[in-house]
Structures are given as C-alpha cells and as structure tokens.
Amino acid sequence: MSPLDLSVDELLTTTRAVRKRLDLTRPVGRDVIEECLTLAVQAPTGRNRQHWDFLFVTDPQQRAALADLYRAGLTSPREPAASSTVNRGDTAGWERIADSAHHLFEHLHEVPVLVVPCVRVADRKDLDWPVRRANVYGSIFPAVWQFMLAARSRGLGTAWTTPHLQYEQEAAELLGIPYATVVQTALIPLAYTIGTDFRPGPRVAAAEVAHWDRW
Ligand SMILES: Cc1cc2nc3c(=O)[nH]c(=O)nc-3n(C[C@H](O)[C@H](O)[C@H](O)COP(=O)(O)O)c2cc1C
C-alpha cells in the first residue's frame, strides 16, 4: 500500500504536472526512487527488450549544468518551431501553465532530483523511421509515466519536460551518456510536493476524442 493511499482512479486522475508545489528543501532518498523505479520497469517494452536506463541527477553542480541546458533549450532552441500546433486545450488556462512553467524555468536547478529517462538504440538512425521511432519511444514512455504515477502515490511530484533535448549531445557529455547509442527522452524534475491534494486536470470529454469504427 502506498503512503498516500489513493485509489487507482484517484491516482490516475490527480497525477499533475507539478512545478510550483515542488518542495525544493526536502531531500528525496534513494529508497523511494528505487521503489518507484521497481514499479516503473513493470511497464512494457517492444519484444520485452527492456532497453531503458534512468539517470538520476542529484549532484548540485550537475543539476545546475543540466538546468542551464534546459533553459538554453527554451531561450535558444536549435530546432525550428513547429509549423503549427493543434490545440484542443483551454487557451484561457495557458497563462497559468506559462506562469507555472516560468517558475520551473527559474528553479529547476534547485529541484532535488532531475530524472533523465533514456532508451538504448543500435543506431540513432532508427529515429528517422516512423515505425522504429514509435518502437523506441513506445519502449520508454510507459515506464516513465508509471514512474510518475508511483512517485505521486508516495507524495512526490513530477513534470514531463523536453527542452534540454535541444542540447541532448551537450547533456550526454555532461552526464557521461554514450550519445551514439543512448537516446535521452525527457527531463523529469522529482521532489516531494507541498501538500498532497491535487485535483483532476481540465481535459476534453472522452466522447470528443473517441472515434468508433471510422474517423
Ligand atoms: C510531451 C510533453 C512535453 C512537456 N513539456 C513541458 C515543459 O517543457 N515544461 C513544463 O513545465 N511542462 C511540460 N509538460 C507538462 C504539460 O505542460 C502538462 O502536462 C499539461 O499542461 C497538463 O497539465 P497537467 O498534467 O497538470 O494536467 C510537458 C508534457 C508533455 C506530455
């Protein structure tokens, strides 16, 4: 039984992107991280290859350098912006997200643990092919989300982020990751939350996204 004692449905509906409510002062022990990881690796991978790795960055200097790459990814992105963005979300809610994201931008280096989920590939060219790419990312994202759910159930908060990937190679050098064969897939800040009460997020109705038999 997890410490917060949430029902499965409560866990699935209240695992939010936590930024302002990350407790930057409370240390996160290895034990709880290892517990979350033990649950995370029950997730599926293509052909059960289990070609995932999770890097937990706790050293203050490493965190600071990685946070700098995150910030550079936002202020000086290498990739051109997407040509257009499909958005079904509530645009009025965007200001709150942007404010919260700005808080993370300023404090990322203070978050006690920065998690970098990685997946091994024989060759990075696999990412150029849509089906191979689906298998690569499909073999790590279920585990990442499972980790985030396990963290939430233990009073920890997380947020999915990707900007540091603009500087993935520099991050690989910083963290000693073999860039040619290990793909970084996200950067997840991990900390205890300030309070544990979270509500379901605003989402489109399931009926609006369901298609039956044909589009
Ligand atoms: C692929 C992906 C990329 C994201 N990138 C960022 C990010 O760079 N910075 C950030 O603060 N949040 C990021 N998020 C978190 C989303 O903004 C957040 O999940 C969304 O606003 C919904 O909020 P909620 O999960 O709390 O309901 C990302 C989420 C996903 C799935």
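Analyst: Start with V119, which faces V183 in β4. This is a predicted model, where local features need pLDDT of at least 70, side-chain atom pairs count only at pLDDT 80 or more, and totals for chains, interfaces and linings use all residues. Residues are numbered from 1 along each chain as its sequence is written, and side-chain values use heavy atoms, without hydrogens and water.

β2 and β4 pair antiparallel through three bridges. Two strands pair if DSSP finds at least two bridges between them. Strands are DSSP runs of E with at least two residues, numbered from the N terminus.

β2 has other partners. Six bridges link it to β1 (residues 52-57), again antiparallel. There, F56 has V115 of β2 as its bridge partner. V115 also stands opposite I188 in β5. β5 and β2 are antiparallel too, with three bridges.

Strand β2 covers residues 113-120; seven of its eight residues are buried, so the rest of the structure largely encloses it. Buried means under 20% relative accessible area, exposed over 50%, and partly exposed in between (1.4 Å probe, protein chains only).

Now the loop between β4 (182-184) and β5 (188-192): T185 sits there. T185 counts as buried because its relative accessibility is 2%. A polar atom of its side chain lies 2.8 Å from the backbone oxygen of P117. Beyond its neighbours within four places in sequence, T185 contacts (heavy atoms within 4.5 Å) several residues, among them P117, C118, V119, Y137 and W160. So V119, which stands opposite V183, is also in contact with T185.

Note on methods. Helices (H or I, at least four residues) and strands (E, at least two) are DSSP runs, numbered from the N terminus. A polar contact is a pair of N or O atoms within 3.5 Å; within protein, one must be able to donate a hydrogen and the other to accept it, and residues adjacent in sequence count only if both atoms are side-chain atoms.
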